[in-house]
Structures are given as structure tokens and as C-alpha cells.
Amino acid sequence: MALHHDEIRVDGTLVRSLLEAQRPEWAGLPLTRAGEGTDNTMFRLGADLLVRLPRTVGNARAVRKEQEWLPRLAPLLTCRVPEPVHAGTPTGAFPVDWSVYRWIDGAEPGPATVRDWAAFGTDLAAFVRELHGLDLMGATRRDDLGWYRGGGLRACDEWVGESLRDCRAEVGAELDVDTLERLWRAGLALPESSARHVWLHGDLKPTNLLVREGRLHAVIDFGGLSVGLPDAEHATVWDLPPEARQAYWNALGLDEATWTRARAWAIAVAASGISYYRHTCPAFVSECRARLRAVLSDAAGRAADAG
């Protein structure tokens, strides 16, 4: 199903035509669909390669960021990240940039793959600390490295308000949207972060993490790579069990203000996901609903502890 009004249709025949034109030595390798995200479609190519194609023309910018910056960041990171091996160029059949990467073996973190969630939360915190500590190498929020999730919350108030109104109609019977809006406004009421700008992955949700033997092995999908404030980077910990979330908090030593802003970001992204994808991508909407339930449960627990 198309998720966007300007979606580019992709199938195996198209992918083979791109390979025949630009990497003919790979064109005869086995090709199987390897999944779809909200922004990209993936095909496994042979045993060792992954073809990744943006779903819309607008997502070509994310492809170019990965091609330019991942080779520079990867040697500085302990955790494995995608390795581009071909920068695909537009054709008459496919009008945007695309990429081929080394295949990374691993599984999505979940009950069947992770036994020690506290250790996993600590692993994820170590990756974030390392990424945020890297030199910016002259990169700034100008041009391709500025993204809304690295900015301040106030600039997002209008569209988040609209998304929360949509949530009332869509999931208001099962989720306390009034409390979610109050938690959003609690983040909005704080002074903007005075933290320095850092490298941001931008979307560290479980589907962008790979584990081996229960530990974090790789971080994938750097389409949201940007430079900015770190608050939004922490928002995806509400996609993880409480033990992982607490271990992440402890390992990074986050203060309450940062946590409150991160929680507001978690609400913003999940609410907008429900609003935008409610008729097209039920699996992603389910992820967003689960995040909002976790935000509400966590906030209730913290309030009870404080009382």
C-alpha cells in the first residue's frame, strides 16, 4: 500500500534494471524484498548486500546524507553502522538517488532476542554518548543537516496540537489524550535546552537497532542524521521496556528537564505518526500507540513515586 501521495512504485524488476545500468556485476544476484519502512523500501541482494530506495522524491536528501557522512562517522563508532558501497543515481525509471549497502546480520530487539533489557539500555546509551561526543567536522544545521527533531519544541506546537486533536478522534477511547497534551505542554513550558549541538541519529526506535546474542550490535537507518540539540534523541526509549529505559537514563545521567523535553518529543512524533499514517500503515500506528501507552504508564509511575 502507498503511504504517501507522491510515492514512487518499486518492485524487483525495477531494482534489477537499476543494477543492470549501474552495477551490472550485481544484476544477476538473488534479489528478495527485505522490508519496507515509512521512508524506504529494501531488497536483499545476494548474501552480502542491501539495496535501499526512497519511497518519495523528498527522501532523496536523506540518501545523500548517508552516502556523504556514514563513511566518515563509521570509523569513529564502536557499534556497527551501514556501509554504503554504491551511490545510485537517478534514471528515467527511478528519479531519485538510491544506495547499496553491506548487509548486516542481526535481529530486531524484542522479547525473543533480548533477555537483559537493562544491559541493552546501557548499550544504547553508550552508542548515544559516543555519537554525541564526535567532532562535528564542520557540519552545522544549515543545508542538509538541519532537521526539526534537532531543534526546539516551540516551533512544533501548531502541528503537534493538530496531531493530538486527530488522536482524540482516532485513539481517544483507549488513550488519555488530555494527559498526553499536558505532558507535551510541560516540555514546551521549559526553557529551551542550552546544550551544545551534536550529531544525532534522529530515530533510534527498535526497528532501527539490531542485536546479536542479546546485545546491541548495529544501528541502521541514518536517514534522520542531523546536527542539533540532543533532547529528541532520547524520545525512542519509551519504545523499550522500563528496565531498558531506566538503565539508559542512569547511564547517561539525564536530568529531569532533559527527560521532560525528551518525553514531549516522544509524544510529538507518536501523535503525528498516528495522524499521518492512520489510514495507510496500521503497523506503524500500532508502534505509535504503544509508545504513547508507555509514556502514560511511565508518567503515572513517576507521579506515584513523587507522591
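So, which residues have the most contacts inside the largest nonpolar core? Keep in mind that we're looking at a predicted model here. The residues are Phe127, Trp184 and Trp199, and the core they sit in has 69 residues. As for who supplies that core, helix H7, residues 256-277, gives the most, with 11 residues.

Let's zoom in on Trp184. Leaving out residues up to four places away in sequence, Trp184 touches Leu153, Cys156, Asp157, Val160 and Leu164, and also Ala264, Ile267 and Ala268.

In general, nonpolar side chains in soluble globular proteins tend to be buried together.

Okay, on to the sheet. It's an open one, with five strands in the order E1-E2-E3-E5-E4, and the pairing is antiparallel. Which strands are at the edges? Those are E1, 31-36, and E4, 84-88, each pairing on one side only. If you take neighbouring strands and ignore direction, they're turned by 20° against each other on average.

Strand E3, residues 49-54, and strand E5, residues 98-102, are paired in the antiparallel sense over four bridges. If you want a residue pair to click on, Val51 has Val100 in E5 as its bridge partner.

And what packs on the sheet? That's helix H2, residues 60-73, which touches E3, E4 and E5. The direction of H2 makes about 145° with that of E4.

That's my tour, thanks.

Methods:
Residues numbered from 1 in each chain as written. Predicted model: local features only at pLDDT ≥ 70, side-chain atom pairs only at ≥ 80, totals over all residues. Heavy atoms only, no water. Core = buried A, V, L, I, M, F, W, Y, C linked by side-chain atoms within 4.5 Å. Buried < 20%, exposed > 50% of the residue type's maximum accessible area, 1.4 Å probe, protein only. Helix = DSSP H or I, 4+ residues; strand = E, 2+ residues; numbered from the N terminus. Contact = heavy atoms within 4.5 Å. Pairing = 2+ DSSP bridges. Axes fitted to C-alpha atoms, helices over the stretch in contact; angles between N-to-C directions.
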